[in-house]
Amino acid sequence: MHEVSLVAELVDIVVERSGGAPVALVRVRHATTIPSDVLDQAWAMLTEEGPLADAVLEAEPFEIRVACTACGFAGPVGHDDVVAPSIASCPACGGIVTFPPTAEIELLEVRTRSG
Ligand SMILES: [Zn+2]
């Protein structure tokens, strides 16, 4: 699953940044193309053991918005609309719309236990 590999990458970055120290909190932004429950599940699965076992994931969602020239739709795309990085099908007419390449998960902060 696409989301799991994104979260696996995130976990790698967090471990690298914390230098293997126990992590208390990780703050991220995530596109709403990744449903929060999927994000939570992947996080729980991938951090079951190791320095992130007790880390709390704080995720704030943001929308990836598109403008469709075919039907005039302007608004956010959802998980099922995205077909490739920066390409989605229009939620209104199903036509192809593009959006600027956007990191679906962005790491904001890593807080280790020692401070
Ligand atoms: Zn459209």
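Helices (H or I, at least four residues) and strands (E, at least two) are DSSP runs, numbered from the N terminus. The structure above is a predicted model, in which local features need pLDDT of at least 70 and side-chain atom pairs count only at pLDDT 80 or more, while totals for chains, interfaces and linings use all residues. Residues are numbered from 1 along each chain as its sequence is written, and side-chain values use heavy atoms, with hydrogens and water left out.

We can begin with the metal site. The zinc ion is held by the SG atoms of Cys68, Cys71, Cys90 and Cys93, at 2.3 to 2.4 Å, where donors are N, O and S atoms within 2.8 Å of the metal (3.2 Å for Na, K and Ca), and sites may look incomplete because water is not among the atoms. Along the sequence, these donor residues follow the spacing C-x2-C-x18-C-x2-C. Cysteine 68, in the loop between strand E3 (65-67) and strand E4 (74-76), and cysteine 90, in the loop between strand E6 (87-89) and strand E7 (96-98), are 22 residues apart, and this pair links distant parts of the chain.

We turn next to the largest pocket, a pocket being an open set of points on a 1 Å grid with protein on both sides within 12 Å along at least five of seven lines, whose lining residues have an atom within 4 Å of a point. Its lining has 14 residues, and His2, Val82, Ala84, Pro85 and Glu104 lie nearest the centre. Strand E5 gives the largest share of this lining, three residues. Domain 1 (1-63 + 102-115) and domain 2 (65-98) both contribute lining residues, so the largest pocket lies between them, with the domain bounds coming from an automatic or database domain assignment.

Note on methods
1 Å grid on protein atoms, 1.4 Å probe; cavity = no way out; pocket = protein on both sides within 12 Å on 5 of 7 lines; lining within 4 Å.
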